2 protein chains.
Amino acid sequence: MAVYTQVPAEEMAHFLTRYDTGALISAKGIAEGVENSNYLVETQDEDGRRERFILTLYEKRVNEADLPFFMDLLDHLGARGCKVPRFISDKQGNKLQQLCGRPACLIEFLSGVSVTEPTPPQAASTGRALGEMHVAARGFTGTRRNSLDLAGWHDLANKCGAHLDQIAPGLAARVRDELTFLDAHWPAGLEQGIIHADLFPDNVLMRGDEVGGLIDFYFSCTDIQAYDLAITHGAWSFSADGGTYHPAVGAALVRGYTSVHPLVDAERAAFPTLCRGAALRFLLTRAYDWINTPPDAMVTRKDPLAYLRRLDFYAAATSEELLGA
Amino acid sequence: MAVYTQVPAEEMAHFLTRYDTGALISAKGIAEGVENSNYLVETQDEDGRRERFILTLYEKRVNEADLPFFMDLLDHLGARGCKVPRFISDKQGNKLQQLCGRPACLIEFLSGVSVTEPTPPQAASTGRALGEMHVAARGFTGTRRNSLDLAGWHDLANKCGAHLDQIAPGLAARVRDELTFLDAHWPAGLEQGIIHADLFPDNVLMRGDEVGGLIDFYFSCTDIQAYDLAITHGAWSFSADGGTYHPAVGAALVRGYTSVHPLVDAERAAFPTLCRGAALRFLLTRAYDWINTPPDAMVTRKDPLAYLRRLDFYAAATSEELLGA
């Protein structure tokens, strides 16, 4: 959410000569995305034609070895009509560069804004875009392991240990019980494929009620596709503190998704469990960050308990309540 | 250099309906300027015409009561051909708004990039733009006191006190001696007018070797115009650490300035003293920030000694060395 690497304008202008984009005429460091440095840059070619791009320098959270997977995935999805930002090739056909000592990429700019309080029509568009992405990803041959899977949650819970009880009394036991439940009930045999795995409203660029772009695929991986809908359901259908469920938003999201990617009976039956897993995943990553971020750091710590409240909700919910009859 | 106030997209879209700009289609928080929150926003009207603006929310360093002065000044300068960002009026003719509990303004977007290592041609363009701004400001009737004048430097030195010696042994005495010199030699009777007072490379948007815009007028005030050239000389003509003077850059800056705003003999004679004052001004504000910013804060502390080195340089320089024969 900050610009970690300051790129001098002279270096940026020189960097852009590798591409067929015209010359640099504007560059603004933008506060967005995971822990990368991002610039919104504008170029102008000899005919006066202007174009905008996102220039991303990868700092630490993104593993450079994963970048080709993300590049190939977005190429595949873009070629199939999904509104995702394509990585731009330079004159030699390279997409991955080095800039100021960091891996760096030039990426298509998409317009749209990230909404804070999604409406049902916006949730419906997002659900449809997610479903279309899942369908479009079917022919994609790349794979990437989800490190934040059930085994990963166990790891995180162990790392947090008794510190969880400093966040809320009894939280360590609650997490342990939930992991026991998920070990016993996590569904096997559901359709796997590419998932976004982090489709919060922050990562959807809306144009009015329509999706202008799905962005920030840096958690995308291979996992149960209905689990992606569960993550998105938790991210879109609640108040920020997790205390209030917005049923019309949740229903619209599901309706949009199933209009292009219907759920089979096994996916419907497992959906509350998938939602519990999704809630636990964000509870644990937030708890880990909470425990490991000093309270006076400039970084905003996101409240883990907002996901405990979602977990409580999902533990009491039925498939019918979440997905309709 | 960060976004302090997060404006929800819904509120921003609603805010923009006050203006004749079309609807919001993109908004990116940008890391730029003094301690304000800035967004680069894009709108699209019913005919598909797109426009970009800077949306600024004023946080604390800018006094709301000063905003009408800045607005009127940039209107005046813009109407006389200076490349400065105009404040945009809403449908009712208002430029100053409230958004998320902050004073807020919509401001013209100008393209260009801030260079890190200015070349002589870039310095010449900047000098010319500064001179043109001084000429254009002549008919402007608004005034604003420079709180960072000689009296203000005394105040800052007193507030820093003996802490200055923690930055460098002997610095407190050096500052005291310099203030004694400036009290005795600060020129009276030089032409006063509107000055930018902070024209660092950060605040000039370059398009190649040409100035695309002068920005960030939030220190602008009424003072000796040749002092503005002295500030700009110190900001442009040295390595960042102040240890190396770039004479070709300094000469080009002066040549550009005097091509549109010649210096009279009294200004030439006083120029080394004005440069010493400018160096002391930034030495003292940096020292004050250094002393009052915890070393582990996320804010970058700028080295006060980079301005002590400039001060040393100017104390030994003659008018001829700085301004040519």
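How many residues of domain 1 of chain A are in contact with domain 2 of chain A, and how many residues of domain 2 do they meet? In this predicted model, 16 residues of domain 1 of chain A are in contact with 18 residues of domain 2 of chain A. By class, the domain 1 side of this contact has 10 nonpolar, 2 polar and 4 charged residues. The domain assignment of chain A puts domain 1 at 9-108 and domain 2 at 120-323. The C-alpha centres of these two domains of chain A lie 28 Å apart.

Now take chain A as a whole. Chain A has 11 helices and 9 strands. The radius of gyration of chain A is 20 Å, close to the 20 Å that the globule rule gives for 325 residues, so chain A is as compact as a globular protein of that length. Along the principal axes, the C-alpha atoms of chain A fill a box of roughly 60 × 45 × 35 Å.

Next comes the place where the two chains touch. Here 25 residues of chain B are in contact with 25 residues of chain A. Which elements of chain B each supply at least two residues of the side that touches chain A? They are helix H1 (9-16), strand S1 (23-30) and strand S2 (36-44) of chain B. S1(B) gives the most, with 7 residues. The residues on this side of chain B divide into 13 nonpolar, 6 polar and 6 charged.

Move on to the helices inside chain B. Two packed helices are described by the angle between their axes and the distance between the axes. Start with helix H4 (residues 150-160) of chain B and helix H9 (residues 265-292) of chain B. They pack at an angle of about 30°, with their axes 10 Å apart. Angles under 35 degrees count as roughly parallel, so H4(B) is roughly parallel to H9(B). H4(B) passes H9(B) in a left-handed crossing. From H4(B), the contact uses Trp153(B), Leu156(B), Ala157(B), Lys159(B) and Cys160(B). The residues they meet in H9(B) include Leu280(B), Leu284(B) and Tyr288(B). By class, this contact of H4(B) with H9(B) has 9 nonpolar, 1 polar and 2 charged residues.

H4(B) also packs with helix H6 (residues 171-185) of chain B. The axes of H4(B) and H6(B) come within 11 Å and cross at roughly 160°. H4(B) and H6(B) are therefore roughly antiparallel to each other. Their crossing is left-handed. On the H4(B) side stand Leu150(B), Trp153(B), His154(B) and Ala157(B). On the H6(B) side stand Val175(B), Leu179(B) and Leu182(B). This contact has 6 nonpolar, 1 polar and no charged residues. Look for Trp153(B) and Ala157(B) in the structure. They take part in the contact of H4(B) with H9(B) and in the contact of H4(B) with H6(B).

One more pair remains. How do helix H7 (residues 225-236) of chain B and helix H8 (residues 247-260) of chain B pack? Their angle is about 150°, and their axes are 9 Å apart. H7(B) and H8(B) are therefore roughly antiparallel to each other. H7(B) passes H8(B) in a right-handed crossing. H7(B) contributes Leu229(B), Thr232(B), His233(B) and Trp236(B) to the contact. H8(B) contributes Val249(B), Gly250(B), Leu253(B) and Tyr257(B). The residues of this contact divide into 5 nonpolar, 3 polar and no charged.

Note on methods. Residues numbered from 1 in each chain as written. Chains lettered and ligands numbered in written order. Predicted model: local features only at pLDDT ≥ 70, side-chain atom pairs only at ≥ 80, totals over all residues. Axes fitted to C-alpha atoms, helices over the stretch in contact; angles between N-to-C directions. Helix = DSSP H or I, 4+ residues; strand = E, 2+ residues; numbered from the N terminus. Parallel < 35°, antiparallel > 145°, perpendicular 65-115°, else oblique. Left-handed = near helix turned anticlockwise from the far one by under 90°. Contact = placed C-beta atoms within 7 Å. Nonpolar A, V, L, I, M, F, W, Y, C, P; charged D, E, K, R; others polar. Domains from an automatic or database assignment. Rg over C-alpha atoms; globule rule 2.2 N^0.38 Å.
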